[in-house]
Amino acid sequence: MKSAFLPDRGVIKVAGEDARNFLNGLVTTDVDKLKPGLGRFGALLTPQGKIIVDFLITEAPAGHGGGFLIDCPKPLADGLATKLKFYKLRAKVTVENLSDDLGVLAAWDGKPAAQPDLAFADPRNGDLGYRILILEDLKQKLSDLIGAELVDAAAYEAHRIALGVPRGGLDFTYSDAFPHETNMDRLSGVDFDKGCYVGQEVVSRMQHRGTARTRSVKVLLEDFSPEPGVSVMAGDKPVGTMGSSAKGQGIALVRIDRVADALDAGQALTAGGLAVRLAEPDVVRIPTKQPIA
């Protein structure tokens, strides 16, 4: 088993007697289903349905003061705390940015030998492993406790990319992407059966009408790693943008209809003038709706 402390992740705490209902009325995941030891993937959206910040969230046990702990991008933690306070109004809720003290240890390629406090399985993909919210100074001690080899965060990034799981700020731009475009609907990040939340109407419409034409897809590279932001081309036409990459694999945000047309026409995809291939070509095919008998 491997573990890595992720220096790009921060932690927000939301507590108080109204915390559960408060969060549930704002974010894409169903906070009612949370309990200590369980994590969920979600996001806070704009009213137009675009991602302000995506995150993992768990409930803290009573021994850690209760409330909810949000594992989010560290550069966005202050902004998320401010936004949550803006929505608070008269709700009996406290919001704290704990990122200077509490961080995130990822562990994968095995099952922990012990179950630390504030640990949960990553809900996006079982192969992503586990998240443990800890002080950075404890990363070696916690790694030893769970039977993991502590490695650099770059190893976790390569693992994430190999699984095709997008990362905000690299694989898509915050406040410019819908949840469907970043595969949140496929990574258990949107609960379509819960009540209202900010941006819900737009997300539900995209789900029911099947109107998502842009998607994050995993790509295979030929011994190069293009910079994030490089255009993916089909002939002389741009069809998407490269995101993160490592060890011959990457993630790209593409117009799936245009990529499907290019594949049908026998056109190769390139990025920076070098060949790019879809890891799963069928992912750009939109299922044909069957007529109602």
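Helix H6 (residues 256-264) is followed by glycine 266, whose phi is positive, near 75 degrees; helices (H or I, at least four residues) and strands (E, at least two) are DSSP runs, numbered from the N terminus. The model is predicted, with local features requiring pLDDT of at least 70 and side-chain atom pairs counted only at pLDDT 80 or more, whereas totals for chains, interfaces and linings use all residues. Residues are numbered from 1 along each chain as its sequence is written, and side-chain values use heavy atoms, with hydrogens and water left out.

The buried residues of H6 are Ile256, Val259, Ala260 and Ala262, where buried denotes under 20% relative accessible area, exposed over 50%, and partly exposed the range in between (1.4 Å probe, protein chains only). Viewed down the axis of H6, these residues fall within an arc of 160 degrees and therefore line one face of the helix; the arc is that of the directions from the helix axis to the C-beta atoms. The face turned away from the buried side carries the exposed residues Asp261 and Asp264. The cover over the buried residues of H6 includes strand S11 (214-221), S12, S13, S14, strand S15 (269-271) and strand S16 (274-278), with contact defined as heavy atoms within 4.5 Å. H6 lies across S11, S12, S13, S14, S15 and S16, and runs at about 105 degrees to S14. Axes are lines fitted to C-alpha atoms, for helices over the stretch in contact, and angles run from 0 to 180 degrees between N-to-C directions.

These six strands form a closed barrel in the order S11-S14-S13-S12-S15-S16, with antiparallel pairing; two strands pair if DSSP finds at least two bridges between them. From one strand to the next, the twist averages 45 degrees. S11 and S14 pair in the antiparallel sense over seven bridges, and threonine 214 stands opposite arginine 255 in S14. Strand S13 (residues 237-246) is joined to strand S12 (residues 231-234) by four bridges, and the two run antiparallel. Five bridges join S13 to strand S14 (residues 249-255), again in the antiparallel sense. Threonine 241 of S13 stands opposite serine 231 and also opposite leucine 253 in S14. Both connections are hairpins with two residues between the strands: in the turn between S12 and S13, glycine 235 has a positive phi of about 65 degrees, and in the turn between S13 and S14, lysine 247 has a positive phi of about 55 degrees.

An open sheet is formed by five strands in the order S3-S4-S5-S2-S6, with antiparallel pairing. S3 and strand S6 (94-97) stand at the edges with a single partner strand each, so one side of each is left without a neighbour in the sheet. Neighbouring strands of this sheet are turned by 30 degrees against each other on average, direction ignored. Seven bridges connect S3 and S4 in the antiparallel sense; within this pairing, the bridge partner of alanine 43 is aspartate 54 in S4.

Strand S1 (2-5) takes part in two pairings. With S10, S1 pairs in the parallel sense over two bridges, and the bridge partner of serine 3 is leucine 150 in S10. With S7, S1 runs antiparallel and is joined by four bridges, alanine 4 having alanine 106 in S7 as its bridge partner.

Helix H3 (residues 139-146) has the buried residues Leu142, Ser143 and Ile146. They cover an arc of only 100 degrees around the axis, which puts them on the same side of H3. The exposed residues Lys141 and Asp144 are carried by the face of H3 turned away from its buried side. Strand S1, S7, strand S9 (130-134) and strand S10 (149-150) are included in what covers the buried residues. Just after H3, glycine 147 takes a positive phi of about 80 degrees.

The largest nonpolar core has 31 residues, and those with the most contacts inside it are Leu6, Ile51, Leu69, Leu133 and Tyr156. Such a core is a set of buried Ala, Val, Leu, Ile, Met, Phe, Trp, Tyr and Cys residues joined through side-chain atoms within 4.5 Å. Strand S3 (39-45), strand S4 (51-59), strand S7 (103-108) and helix H4 (153-162) each supply at least two residues of this core. A second, separate core of 23 residues includes Phe22, Leu44, Val53 and Val198. Among the residues touched by leucine 69, not counting those up to four places away in sequence, are Val11, Ile12, Leu56, Leu98, Leu118 and Leu133.
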